[in-house]
Amino acid sequence: MPVLEKPLTKKEIVDKIFYYILRILVVLYVVLLFLPGVNPARITGKINRNLSLFTSGFFYKSLTDGLGRMMKNGWIPESSIRLDFFASMFCCFGAIIAGVGGCMSVGNNKLKRTGNFLTAGGGLLGLISIFGIKAAQIQLADIVASDSSLASRTDPRNPFGIVFFGVLAGGVLLFSVLTFLLTPAPEKGEKAHVEPKFQLFLMFLPFAVLLFVFAYLPLWGWRYAFFDYHAGDTLSMDKFRGFYWFTNLFKNPATAKHIGRVMINTLAMSGIGIAFSWLPMVFAIFLSEVKNKHVRRVVQTCTTIPNFISWVLVYAVALAIFSTDGFVSTFFVQQGLWDKGKNLLMSGEHTWLKMWAWGTWKGLGWSAIIYLSAISGIDQQLYEAATVDGAGRFQKMWHITVPELIPTYCVLLTLSIAGILSNGMEQYLCFENPQNTNAIEVLDLYVYKIGINGGLIPLSTVIGMLKSVISVVLLILANSISKLVRGQSVV
């Protein structure tokens, strides 16, 4: 018979609600460290508006970038900036400590109480740090008040983030104390314990935080697509352009023609890569068939190392081999086949195939690792049964290894289709020259040129947005096709 759970008392319900509130506050406390808009450390307008509290607290050079002349002349006291810096650092430490305590709140009573100490300590440290930032702000304001001519030079600020983080840290401290008082004391000899489902969640949490910070938080930059924005400007409604930059992609004939050529290059090179995406799987199958372990390890190492070589060094190797004075040109001249040396890298012929060849050489061994892992997981009894039935080595490869690797291949193929517009730019930036620029310029390289070199940040943001939307659509489409053909979905 199912065990009936004991109904919660009013005290336990209140305790549970307070814990939910505490966890929400802790999450906000940690996440807002990375949002520049609520940075309490920006006590002067001369501090970069794009700095977050995390950057302000751990990178003194970034915090003082542009303040050197003002601190040297005494307009902004260095003591105020240093106090601002160290207070920001301790505020970050407080958030990290509170985050650790918040993770412990999913355990039993003993772990919860320990977590309460940490969250309370993190909240208290953050509250003290905010008072330190406020003291730095007051010190700067007093100097400006004594000499009004410094107001325009130093642009003192009283950022909203001081109040916001102060309330947040105070809330963490308050609810940590309340939950500690409401949580029953652990029994004598009770050991710290976390339920298995929460253990898995805590293992996943660091990766979720990294994913949020580096994948989802940057999406806040999509707002640049709707403004007439230049690097260093302030976003304001008088610069709001709506969908102007979206329509500009197609209204301007030159831009539309250029993007058309770039899309052809992108789809062609990605298409070639997808067409030969089976090569790592075949390489892994044959490599796994090498019986000599030493030979297999040497081959795998030699084919994996190129992945860790930067494209700049790869181009240096290509230059040493295919330039006018390179190995190939020198060899053909010495053999009398050529009258003079030729720079094969400057040729604009077969650019797509050349880029695919260099990419394959660099990534073949690395891409094969996942297939080697999948091969090691195949049930060896299948091979033993096939041997008893008289199957040869190639028959085992074709009828056992390949079918077992098809699901892995389909997953990677689906992800490749979803990322068909994302070629990267390092390789093409290194190999680009006036002879091949029309055939080698892909979408990522084009966005880099117009965004960084051309300063058209809104237009490059629009292209990035469209690329992301198209990638999601292609992922859903490829997943639907996989489910229709194989009867199994990938995601």
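How many nonpolar, polar and charged residues does the lining of the second largest pocket have, by class? I begin the entries with this pocket.

**Entry 1. Conventions.** I note that this is a predicted model, in which local features need pLDDT of at least 70, side-chain atom pairs count only at pLDDT 80 or more, and totals for chains, interfaces and linings use all residues. Residues are numbered from 1 along each chain as its sequence is written, and side-chain values use heavy atoms, with hydrogens and water left out.

**Entry 2. Second largest pocket.** I counted by class and found 20 nonpolar, 14 polar and two charged residues in the lining of the second largest pocket. Here Ala, Val, Leu, Ile, Met, Phe, Trp, Tyr, Cys and Pro count as nonpolar, Asp, Glu, Lys and Arg as charged, and the others, Gly among them, as polar. A pocket is an open set of points on a 1 Å grid over the protein atoms alone, where a 1.4 Å probe fits, with protein on both sides within 12 Å along at least five of seven lines; lining residues have an atom within 4 Å of a point. I read a volume of about 980 Å³ for the second largest pocket, volume being the space filled by probe spheres set on the points, which are joined across faces, edges and corners. Of its 36 lining residues, G273, G359, T360, S367 and S416 lie nearest the centre. I traced at least two lining residues each to α11 (253-275), α12, α16, α18 (393-418) and α19 (426-431). With twelve residues, α16 gives the most to this lining. Helices are DSSP runs (H or I, at least four residues), numbered from the N terminus.

**Entry 3. α12 against α16.** I next looked up helix α12 (residues 279-288) and helix α16 (residues 351-376), which pack at an angle of about 55 degrees with axes 7 Å apart. Axes are lines fitted to C-alpha atoms over the stretch in contact, and angles run from 0 to 180 degrees between N-to-C directions. α12 is therefore oblique to α16; angles under 35 degrees count as roughly parallel, over 145 as roughly antiparallel, 65 to 115 as roughly perpendicular and the rest as oblique. Contact means heavy atoms within 4.5 Å. On the α12 side I list L279, P280, M281, F283, A284, I285, L287 and S288, which meet residues of α16 including W356, T360, L364 and S367. This contact has 13 nonpolar, four polar and no charged residues.

**Entry 4. Largest pocket.** I found about 1400 Å³ of space in the largest pocket. It is lined by 46 residues, and R23, G102, C103, S105 and V106 are the closest to its centre. α1 (10-31), α5 (78-104), α6 (109-146) and α9 (196-216) each supply at least two lining residues. The largest share, eleven residues, comes from α1. By class I counted 29 nonpolar, nine polar and eight charged residues in this lining.

**Entry 5. α1 against α8.** I followed α1 to helix α8 (residues 160-182), where the two pack at an angle of about 150 degrees, with axes 9 Å apart. α1 and α8 are therefore roughly antiparallel to each other. Among the contact residues I noted F18, L22 and L25 of α1 and F165, L168 and F175 of α8. The residues of this contact divide into 16 nonpolar, three polar and two charged.

**Entry 6. α10 against α11.** Last, I checked helix α10 (residues 244-251) and α11, which pack at about 80 degrees with axes 6 Å apart. That angle makes α10 roughly perpendicular to α11. N248, L249, F250 and K251 in α10 meet P253, T255, A256 and I259 in α11.
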